[in-house]
Amino acid sequence: AATHNITVLPGDGIGPEITKVALKALTAAGKAEGEDFVYTEAPIGGAAIDATGDPYPASTEEVCKAADAVLLACIGGYKWDSLPNAQRPEKGLLRLRSSLNAFANLRPAVVLPQLADASTLKREVVEGVDILIVRELVGGIYFGEPRGFKEENGERVGYNTMVYRESEVERIARVAFDAAMKRGKRLCSVEKSNVLEVSQLWKDVVIRVAQDYPEVELSHMYIDNAAMQLIRNPKYFDVVVTGNIFGDILSDEASMLTGSLGMLPSASISEPGKPGIYEPVHGSAPDIAGQDKANPLAMVLSAAMMCRYGLNLPKVADRLEAAVTAALDAGYRTGDIMQPGCKQPRPSAGRHPSGSPMVASGPPS
Ligand code: NAD
Ligand code: IPM
Ligand code: MN
């Protein structure tokens, strides 16, 4: 049996609750395949601020860099909302992504048949949707310089810079084209090239990279239209490639096709040889934290992406995904995806009759 070193970052809010469920499922799925996971927990975000004064302490950076993969829950909360940007929990997450050069954020939005009626959109619109958003994660307006505040004509001015270099666009475009080749061979590049120079450059580079992928049908869409088309006809999309902030917004929007933000996992892939970060798309949900209401499935599915993309353990990934399906088939639903006739998960439910490990959340045991 192989041993895999996972750095686990539970973070804030619902983070510790969903981490507990995901690790239980991961350990069980690994055991069934003869794979062992060694978990090293480290603080990030608000929890790290409280413990050390720094949202991404050097000790956390060290164990992340040394890991085979990093499994992150979520960060942030009301308590730290009035801190200056540079000291906020969110900065810890951005520094984590940057320090591992996790530039390619894969955010799949798949409508599971069990949840086709859980969406706020009509069943016939969302049924069968299977989209992969490829979001550039370590550049764009999140990281561009100059940024900050200044005083001008007696008032405060805040400013950020959206910047992409050709090399940054090229590497994310290649990830997206490669993904499209393994899927439906359709790629939609989303930008705002009717207004922004940075987007004109983005589009030029994507068109150039497309020459290496003649089988992929490439389309271009402005972000405002894409936000609309995603709701109007989500089945139009196969793979979407876009920059950091547009991808952030589109992926939360895409989550509502699947029923809930609590269903969406992600993988943030670095260059070969460096660990990736596997994290739900959602945040720390401070409005429901500590109430045993959080949907842990995005976190479980993030662990599955970690096994599939980071650790080359497709069988463990299959088991985790099957466990999610089994829990849904058995009628378990958290509040965010509750449907008539379904039930809240209870720890006494134990194992699903099929023998799959349960992924239902319950009070701490
Ligand atoms: P959020 O994603 O935390 O929550 C948005 C809404 O979705 C809330 O109503 C929440 O209850 C619900 N929700 C989210 N995840 C859920 C789950 N697993 N199960 C059930 N319901 C769920 O976004 P927000 O409220 O805008 O932000 C809260 C905090 O999280 C902020 O500090 C923000 O910066 C941070 N955040 C962190 C990450 C991350 O760690 N990757 C991502 C987004 C936001
Ligand atoms: C996400 C989050 C983060 C982002 C924040 C918390 C920095 O919204 O992972 O989607 O904007 O990338
Ligand atoms: Mn987001």
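Which residues come nearest to ligand 1? Of the 21 residues around it, the nearest are Gly 76, Gly 262, His 282, Gly 283 and Asn 295. Here, a residue is near a molecule or strand if its C-beta atom, placed from the backbone, lies within 6 Å of it.

A word on the model before we go on. This is a predicted model, where local features need pLDDT of at least 70, side-chain atom pairs count only at pLDDT 80 or more, and totals for chains, interfaces and linings use all residues. Residues are numbered from 1 along each chain as its sequence is written, while chains are lettered from A and ligands numbered from 1 in the order in which they are written.

Back to the ligands. The shell around ligand 1 has 10 nonpolar, 7 polar and 4 charged residues. For these classes, Ala, Val, Leu, Ile, Met, Phe, Trp, Tyr, Cys and Pro count as nonpolar, Asp, Glu, Lys and Arg as charged, and the others, Gly among them, as polar.

Now ligand 2. Around it sit Gly 76, Glu 90, Leu 93, Leu 94, Asp 248, Val 281 and Gly 283. That shell splits into 3 nonpolar, 2 polar and 2 charged. Helix α4 (residues 89–99) gives the largest share, 3 residues. Helices (H or I, at least four residues) and strands (E, at least two) are DSSP runs, numbered from the N terminus.

Next, the domains. Domain 1 covers 1–100 + 275–365, and domain 2 covers 112–263. These bounds come from an automatic or database domain assignment. The C-alpha centres of the two domains lie 24 Å apart. How many residues of domain 1 are in contact with domain 2? There are 15 of them, and they meet 17 residues of domain 2. Contact means that the C-beta atoms of two residues, placed from the backbone, lie within 7 Å. On the domain 1 side, α4, α10 (297–310) and α11 (314–329) each give two or more residues. Helix α4 gives the most, with 3 residues. By class, this side has 7 nonpolar, 5 polar and 3 charged residues.

Let's look at α10 and α11 as a pair. Their axes come within 7 Å and cross at roughly 165°. Axes are lines fitted to C-alpha atoms, for helices over the stretch in contact, and angles run from 0 to 180 degrees between N-to-C directions. The two helices are therefore roughly antiparallel to each other. As for the cut-offs, angles under 35 degrees count as roughly parallel, over 145 as roughly antiparallel, 65 to 115 as roughly perpendicular and the rest as oblique. The contact of α10 with α11 has 11 nonpolar, no polar and 2 charged residues.

Now a second pair, α8 (residues 223–232) and α9 (residues 244–258). Their axes come within 10 Å and cross at roughly 10°. So α8 and α9 are roughly parallel to each other. Ile 223, Ala 226, Ala 227 and Leu 230 of α8 meet Phe 246, Leu 250, Glu 253 and Ala 254 of α9. These residues divide into 7 nonpolar, no polar and 1 charged.

Last, two backbone details. Most residues other than glycine have a negative phi, and most peptide bonds are trans. Asn 101 has a phi near 50°, a positive value. Asn 101 lies in the loop between α4 and β4 (104–110). Glu 145 and Pro 146 are joined by a cis peptide bond, with omega about 0°. Pro 146 is in the loop between β5 (130–136) and β6 (148–152).
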